[in-house]
Amino acid sequence: MLSRLFAPKVKVSAHCDLPCGVYDPAQARIEAESVKAVQEKFQANEDAHFRARAVVIKEQRAELAKHHVSVLWSDYFKPPHFEKYPELHQLVNDTLKALSAAKASTDPATGQKALDLIAEIDRIFWETKKA
């Protein structure tokens, strides 16, 4: 009797934990910019303690960037987007791999490659928003 009383009256579903509808590749870009900046600071500093901290921060930021790209791919982009932009699956995959490479490297060129790929996702994202 109580279970029926407290049972939900309406069943709802959402693509995420809270259906906010707020997506923006800027989140991934900002984290990737941080990765590249830390890589540059790492190269410019010889202090072992500074370098150890830089590696930890760089790896955290790269992981956050990967998360934001993954959320766009899994929650924002829909079948019509993939039909219009057939390169999108490969682009997201390449971006995630580039972020993994930047996470594992102290070379700012790897951070720049990730930024360049995120810029392409950003371009497609804003085109889909116009439609």
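This is a predicted model: local features need pLDDT of at least 70, side-chain atom pairs count only at pLDDT 80 or more; totals for chains, interfaces and linings use all residues.
## The largest nonpolar core

The largest nonpolar core contains 22 residues. Those that touch the most other members are Val-69, Leu-72, Phe-77, Leu-88, Leu-99 and Ile-121. At least two residues of this core come from each of the helices α2 (26-43), α3 (48-76), α5 (88-103) and α6 (108-130). Helix α6 provides the largest share, with seven residues. In soluble globular proteins, nonpolar side chains tend to be buried together.

When neighbours within four places in sequence are set aside, Leu-72 is in contact with Tyr-23, Asp-24, Pro-25, Phe-77, Ile-121 and Phe-125.

## Helix α6

Helix α6 has 23 residues, and at 1.5 Å a residue these should span 33 Å. The C-alpha atoms at its ends are 33 Å apart, which agrees with that expectation. At the start of α6, the backbone nitrogen of Ala-109 has a side-chain oxygen of Asp-107 within 3.0 Å.

The buried residues of α6 include Pro-108, Gly-111, Leu-115, Ile-118, Ile-121, Phe-125 and Thr-128. Among the elements that cover the buried residues of this helix are α2, α3, α4 (79-84) and α5.

Apart from neighbours within four places in sequence, His-81 is in contact with Tyr-76, Leu-88 and Thr-128. Of these contacts, Leu-88 is one of the core residues that touch the most other members, and Thr-128 is one of the buried residues of α6.

Notes. Residues are numbered from 1 along each chain as its sequence is written. Side-chain values use heavy atoms; hydrogens and water are left out. A nonpolar core is a set of buried Ala, Val, Leu, Ile, Met, Phe, Trp, Tyr and Cys residues joined through side-chain atoms within 4.5 Å. Buried means under 20% relative accessible area, exposed over 50%, partly exposed in between (1.4 Å probe, protein chains only). Helices (H or I, at least four residues) and strands (E, at least two) are DSSP runs, numbered from the N terminus. Contact means heavy atoms within 4.5 Å. The expected span of a helix is 1.5 Å times one less than its number of residues. A polar contact is a pair of N or O atoms within 3.5 Å; within protein, one must be able to donate a hydrogen and the other to accept it, and residues adjacent in sequence count only if both atoms are side-chain atoms.
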